[in-house]
Amino acid sequence: MNLDKKIYKKLLEVPKGKVTTYGELAKSVGLKNGQRAVGKIMNKNPYPVIIPCHRVVKSDGYIGGYAYGDSIKSNMLIRGGIKIKNGKILD
């Protein structure tokens with residue numbers, strides 16, 4: 001299984017209402033310091049409705065980027081039960 005598929009499969013385990021970080025996702029598939037690689041893989045996600053790449057956020061709590069725009073990512077997270085203030089995850 002290639003790296004993209006491993007990461008997408010692991011991301012499918014993140015339930016609605018929860019988030020993970022780029023670094024946590026990288027570590028979960030054995031990538032040390034692989035945050036950037038995960039970000040690039042999220043950016044080319046061919047199935048954004050199925051594989052919830054919007055649930056991956058930065059380690060400092062900020063939502064990070066999204067191929068369809070930060071406001072769409074924020075809205076998707078909020079609809080999933082995540083609280084956000086000034087672009088940052090609360091709690």
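The model is predicted, with local features requiring pLDDT of at least 70 and side-chain atom pairs counted only at pLDDT 80 or more, while totals for chains, interfaces and linings use all residues. Residues are numbered from 1 along each chain as its sequence is written, and side-chain values use heavy atoms, without hydrogens and water.

A nonpolar surface patch is formed by Leu12, Tyr47, Val49 and Ile50, which together have about 480 Å² of accessible area (Shrake-Rupley method, 1.4 Å probe; for residues, only the protein chains shown count as cover). Val49 is situated in the loop between H3 and S2 (helices are DSSP runs of H or I with at least four residues, strands runs of E with at least two, numbered from the N terminus). The relative accessible area of Val49 is 80%, and the residue is exposed (exposed, over 50%; buried, under 20%; partly exposed, in between; 1.4 Å probe, protein chains only).

Helix H1 spans residues 3–11 and has Ile7, Tyr8 and Leu11 as buried residues. These lie on the same side of H1, because they cover an arc of only 100° around the axis, taken from the directions from the helix axis to the C-beta atoms. An α-helix has 3.6 residues a turn, so residues three or four places apart point the same way. The buried residues of H1 pack against strand S1 (20–21), helix H2 (22–28), helix H3 (35–43) and strand S2 (56–57), contact being heavy atoms within 4.5 Å. Exposed Lys5 and Lys9 are carried on the face of H1 turned away from the buried side. At the N-terminal end, H1 is capped by Asn2, with a side-chain oxygen 3.2 Å from the backbone nitrogen of Asp4.

Tyr66 occupies the loop between S2 and helix H4 (70–79) and counts as buried, at 13% relative accessibility. Beyond neighbours within four places in sequence, Tyr66 contacts Pro48, Cys53, His54, Ile72, Lys73 and Met76.

Most residues other than glycine have a negative phi. Asn33, in the loop between H2 and H3, has a positive phi near 55° and is exposed at 65% relative accessible area. Phi of Asn86 is likewise positive, near 55°; Asn86 belongs to the loop between strand S3 (84–85) and strand S4 (88–89) and is exposed at 70%.

How values were computed. Polar contact = N/O pair within 3.5 Å; in protein donor to acceptor, adjacent residues only side chain to side chain. Patch = residues over 30% accessible without salt bridge, like charges linked within 9 Å, V, L, I, M, F, W, Y side chains within 5 Å. Salt bridge = Lys/Arg side-chain N within 4 Å of Asp/Glu carboxyl O.
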